[in-house]
Amino acid sequence: MSEKPKYYITTAIAYTSGKPHIGNTYEIVLADAIARYKRSQGYDVFFQTGTDEHGQKIELKAAEAGVTPKEFVDNVSAEIKRIWDLMDTSYDKFIRTTDDYHEKQVQKIFKKLYDKGDIYKGYYEGMYCTPCESFFTESQLVDGKCPDCGREVQPAKEEAYFFKMSKYADRLIEHINTHPEFIQPVSRKNEMMNNFLLPGLQDLCVSRTSFKWGIPVDFDPKHVVYVWLDALTNYITGIGYDCDGNSPQQFQKNWPADLHLIGKDIIRFHTIYWPIFLMALDLPLPKQVFGHPWLLQGDGKMSKSKGNVLYADELVDFFGVDAVRYFVLHEMPFDNDGVITWELMVERMNSDLANTLGNLVNRTVSMTNKYFGGIVTDKGVAEEVDADLKAVVDAVPGLVEAKMDELRVADAMTEIFTLFKRCNKYIDETMPWVLAKDEARKDRLETVLWNLIQSISAGARLLEPFMPSTSAKILAQLNDGHVTDKPEILFQRLDIAEVLKKVEELHPPVEEEADEPEEEVIDIEAKPEITFEQFGAMQFQVGEIIACEAVKKSKKLLCSQVKIGSQVKQIVSGIKAHYTPEEMVGKKVMVLVNLKPAKLAGVLSEGMLLCAEDADGNLALVTPEKPMPSGAEIC
C-alpha cells in the first residue's frame, strides 16, 4: 500500500499581547478548512499553530499588569488556545516560543549563523517601532511613522548583532522568479520584489539589549534574540528540527512546509527574512506563502482604541460556531479585505444558512417521514429534470477542488451552496406535495426524495472542511435514505433589531465627556457664485469603498475602488497621510461622479471623493449621517 502524500500547513503564531479578535481568528479557521480538505483528499496532514511570546511589547504589557512576562504570556496563550478550540480547529501541534526545546534550538541556530559569518556584531541607530519590534531608517518611514502599522516610532541606538541579508538576496530573487507559486497572491509578490528586494536589502538587526524578555544569546547573554528570528523558526522547531544535524523522522518527512498561511501585514518577514534564514541553514524553502487579506469591521480595521473589536466567542454566543466559520470563510475575498458587520452576519444567517441550507434539509426529512415513514429507496422513475440535478452534483466536487487548489476558499464554498440552491429548485420543479396526491405516482415521489437525499448528502460531505459540525448533523439526519424521525433545526432565523439591541446591551455606547471645548470654526475665501444650472450639472452620489491600496511611487495618493450603484469606479485621492487603505474599505462616502477622468501618478481616476479640511490641513471624508445605499443621489 502506497504511503499517503504529506501536507504540512502552518498559521502565523499569534502574538500574546492580548485576546485575539475575529480578524485574528479568521486565519486559524481558514487554515483549518484547508487542512480538513487536504485530509479528505487523502493527504497525511500536519497542521501547526501556536503563540509568539517574546519581545519588548510583552515585557511592557506584563509590567502594566503587575505580573511577570511568563505569567502574562501563560494567560494569553491559554486564552488563544481556548478560542482556537472553540472554533473547532483540528491543529496537530500548538507550539509556544517559550517551550524549552524551541528556545534551545533558537540559541543553537543563532550560534551556527554567527560561526558561519552570516551574523556579526555592530551598532544600530535608527527609528524603532515597539509594536512591530522593527527598526527603520528615515527613508523607510511613511510620513514619519512606521511603514507597517502607521504608529509612532522612536529614535534608538544600541549594540546589536546583524544578519548579512544582502549575501542571499540574489539567490532569493532567482528563487522567486523561478517559482511563481512561492508568493501568493501575485500582488504580494510584486510588492516584495519592487519595494524591498530589487532596491537592495539592508543588513537586519537580529538582537536587542534594551529589554530582557527574549531568548538570550548564550555566548553574549546581555543580548536577546530578535523576536522575528525567534518566531519564524517555530515552523521547523515545532516538527523537531535539530540544529546539530540530528533532526527526527517527523522533520525529515514534513519539511519543507507546503503552505505558510499568514496575514498580508507580515508578508515581508515570511518571504524575505525567513527564506534567507533557511538558505543560511542550508534548508529547503517552503513551497508556498499565502498572505491573506484582512477581515475588517464595517468602519475599518479592528482596533481596541476604536472600540470596534469583535471576538469569536461573542459571535459564537449569537450565531453558533459553524455559522461564524461560514461567515468568515465565505465573506473573505481572495485578494481584497473582507468586511464583517452584525447586520451582514444576520443577513447571511437568515438567507444562506437558515433558508437555503437549513430549510432544504428540514423539508426533505419532513417529506420523507410524512410520505414514506422515514425510509426511501431509488425506484428508478426518472425524468429529465433529474439528469440536470445529477449533472450539478457530479460537477461540484471538481469545481471545489479547482478552487481549493488555488486557495480560493470562499469560491469553493459558493460552489457547494450552488448545489444546495439547485436542490431547492428541484423541489420547486418536482412539487412532491402534488405527486403525493396521486397514488399512481408514488414511485416517482420516492425517486424524487431519494435524489434529494443523495444530492444533499453529497453537498454535506463537501461541506465538512468548512462547517464540520453542520456536515455531520446533515448526514446523520439523512442517513442514506433512513432519515431521522424529526428534522433538527440547523440554524434559527434571527431578528436584526433584537440582535442589535442585545449587542448594544453588551457594548453600551461610550458617553461623550462633558464640558468639551467649543468647536473651532473656519472661514475660507469665498469663490465666485454659480447658478443653479451649474450646480445641477454636477452629479453627487453615495459610494461604498470596496477596495483600496496605496499608489506606488507616491507619498500622498490612495487608489480606491468605489461601488456606486451597480458600477465600480476607480478614484485616486491625496489622502494617504490621513487614512490607511485598511481604514478606507467599507466606508460610505460622497462622490463627485461625473468629473472628467484624469491620470494621477500614472493611475486613472474616474471621480472625486469629497473631504473636509481644518486649519491644520487635516482631512476627513464626507460621509452620510444615516445609513444610505450605495448609489443614493446627493442633492
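**Overall dimensions and nonpolar cores**

The model is predicted, with local features requiring pLDDT of at least 70 and side-chain atom pairs pLDDT 80 or more, while totals for chains, interfaces and linings use all residues. Residues are numbered from 1 along each chain as its sequence is written, and side-chain values use heavy atoms, without hydrogens and water.

Along the principal axes, the C-alpha atoms fill a box of roughly 90 × 85 × 50 Å. The chain contains 21 helices and 25 strands, defined as DSSP runs (H or I, at least four residues; E, at least two) numbered from the N terminus. Of the 635 residues, 51% are buried, that is, under 20% relative accessible area with a 1.4 Å probe, protein chains only. Among contacts (heavy atoms within 4.5 Å) with a separation of 6 or more, 74% join residues 24 or more positions apart.

A nonpolar core is a set of buried Ala, Val, Leu, Ile, Met, Phe, Trp, Tyr and Cys residues joined through side-chain atoms within 4.5 Å. The largest comprises 97 residues, with Ile 34, Phe 319 and Phe 466 having the most contacts inside it. Helix H13 (residues 342-372) gives the most to this core, namely twelve residues. Beyond four places in sequence, Phe 466 touches residues including Ala 33, Arg 325, Leu 329 and Met 404. A second, separate core of 56 residues includes Phe 110, Leu 113, Tyr 161 and Met 165.

Note on methods
Buried < 20%, exposed > 50% of the residue type's maximum accessible area, 1.4 Å probe, protein only.
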